[in-house]
Amino acid sequence: MSHPDHPEWSAASDGPSTTLARILEDAGHTLLRPAFDGQDLGRVVDGLVIYDPADQLAWPRRPLVLAVGVQPGEQLTGLLEQLARRDGGALVVREKVLASLSQGALGAPVLTLGDERSWMQLAATLAPLVSGASSPISAAPLGGVPTGDLFALANAIAEILDAPVTVEDRDSRVLAFSIRQEEADPSRVGAILNRQVTPWATQDLQERGIFRQLYRTQEPLFVEPPESGYGGWSMPRVVLGIRAGDEILGSVWAAVPGPLSDDRMQHFRDLQGTVAVHLLSHRANANVERRMRSDLTAQVLAGGPEAEEVAARLGLPRRPMLVLAVALPDREDEPGRLHADRAAELLRLGDAFDMYLGTCQRGASAALVGDVVYGIVPLPAGAGPDPETDRGQRMAKDFLARVGRQSAAVIGVSGMAPDAARLSRAREDADRALRLARSSPGGDRVCSTVEHAFELLMMEMTDLVSARGMSLSSPFARLVEHDARHGSGLVPTLRAWLDHFGDNIAAAASLHVHPNTFRYRLRRVSEISGMNLDDRDERLSLMLQFRLFMRS
């Protein structure tokens, strides 16, 4: 297979490479920052090097060099000169070293690590982000456990504490758990089955100030169960907050029969740094995997001869699929422009939609492309055209109900794509439906190519009329001009007659005139304009012109 047409791939290398811009995006600017504005962040790196002047190992072709302990002077200048001679790579230094550098003298991009962050934290975060087997820490275990394997880590901690353990993020989602959970109480078992601590338990912990204490101390806390024992929480817990610098990463919880011994509490306390590195590595790996799925999703939606192969790499089943397009309405003052606050809201919306698809539809995938979040939704085997349309709209409406009115998101739903090769066409359909949803403030927030087929047809015909500078036909224009000069009300008469399918009685009633008056006006319509109202093609043309040119 040829390399995908994507900036993360380089023809000069044997595999995928990563740009500095991607590393900064995935690692986070709070950890790593460009030293100077205007640097080439499109520069590629394909390996991680922890600099040691005594190390004789060969560097990767385009290394990201961590200048651990390097001070200003010849050593730093030499590193920059080495990197300048390569076609990629960059240097990471401490912020305090920057004073000795000037941007004009740099031969390679320089990134900075804040003084409050550790090199170990940075290395653990970067290892999964930088491709290449030459990375010296990419496969190195920490604490006897492969880096980022949270389940192995939970088992190791359980052995140390002699208690069942869960590893949780800062939102009390269960990331991993150890063996021996049958020794814990029903509350713990429920949290593992749901992969989330129950809301009542987190509320109880908040009310008792446990979270506040946890994130203010480096010490493990002993937590008694609630007095009521509500929800099956009957065993005490020992919990250790995990942080990297001033960033809260999560926590480790052990269900215990009583307070731990001083030795075990000390062992637990000493694990804080090791667990932090594992959590950082886990997060970085998750970011990379998610980014890869997003890139593949964007590729398959773009179509092309490799669409089927990209779909297989993405793991899409060989079944019909839908495309959902999620976006924010255009700003009235500057339509089409993405402001900083809207960009942040769009990222949050994309995260929520990706999570929603992952939980409600197996095999679904999402990607943010421009200012639209696209979702590919495989359909159940044997689904026909009507069930698929209903399913896409139900999912769209359910998602909007979950995000609530806090988001003004709108969604376009495509028709069914029978295979991956036709997903690009389905994306175009979803875009059309999305445009309709965006263009009708206060109207439907979910539009589909099936349910809103007529409105979409009118929208496209309006585009055609505008592009070609078309106007009313001559007979219709004569009628409009006559009304303007004489106030004769013939145009409303014609509209009422067409709207009521030639029923003179109903049309006259809608205008509050006598039927005989209405018939007289209708004859005048034909006389003045020259229209043949008995011709069905003429009637269709008139109805379309009312829709396209005279909507009020």
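**Ground rules.** The model is predicted, so I kept local features only at pLDDT of at least 70 and side-chain atom pairs only at pLDDT 80 or more, while totals for chains, interfaces and linings use all residues. Residues are numbered from 1 along each chain as its sequence is written, and side-chain values use heavy atoms, with hydrogens and water left out. Helices (H or I, at least four residues) and strands (E, at least two) are DSSP runs, numbered from the N terminus.

**Entry 1, strand 10.** I looked up residues 165-169. Five of the five are buried, so strand 10 is largely enclosed by the rest of the structure. Buried means under 20% relative accessible area, exposed over 50%, partly exposed in between (1.4 Å probe, protein chains only). I then checked both faces. Val 165, Val 167 and Asp 169 are buried on one side, and Thr 166 and Glu 168 on the other.

Next I looked for its partners; two strands pair if DSSP finds at least two bridges between them. Strand 10 pairs with strand 14 (residues 247-255) in the antiparallel sense over five bridges. There, Thr 166 stands opposite Trp 253. With strand 11 (residues 174-177), strand 10 pairs in the antiparallel sense over three bridges. Val 174 is the bridge partner of Glu 168. This hairpin has four residues between the strands, and Ser 172 takes a positive phi near 65°.

I looked up residues 150-161. At 1.5 Å a residue, these 12 residues should span 16 Å, and the end C-alpha atoms are 16 Å apart, which agrees. The expected span is 1.5 Å times one less than the number of residues. Leu 150, Leu 153, Ala 154, Ile 157, Ala 158 and Leu 161 are buried. They cover an arc of only 140° around the axis, which puts them on the same side of helix 4. The arc is that of the directions from the helix axis to the C-beta atoms.

Asp 149 caps the N-terminal end, with a side-chain oxygen 3.4 Å from the backbone nitrogen of Phe 151. Just after helix 4, Asp 162 takes a positive phi of about 55°.

I looked up residues 536-549. The 14 residues should span 20 Å at 1.5 Å a residue, and the end C-alpha atoms are 20 Å apart, in agreement. Leu 542, Gln 545, Phe 546 and Leu 548 are buried. The buried residues pack against helix 14 (453-468), helix 15 (474-486) and helix 16 (490-499). At the start of helix 19, a side-chain oxygen of Asp 535 reaches to within 2.8 Å of the backbone nitrogen of Asp 537.

Key. Contact = heavy atoms within 4.5 Å. Polar contact = N/O pair within 3.5 Å; in protein donor to acceptor, adjacent residues only side chain to side chain.
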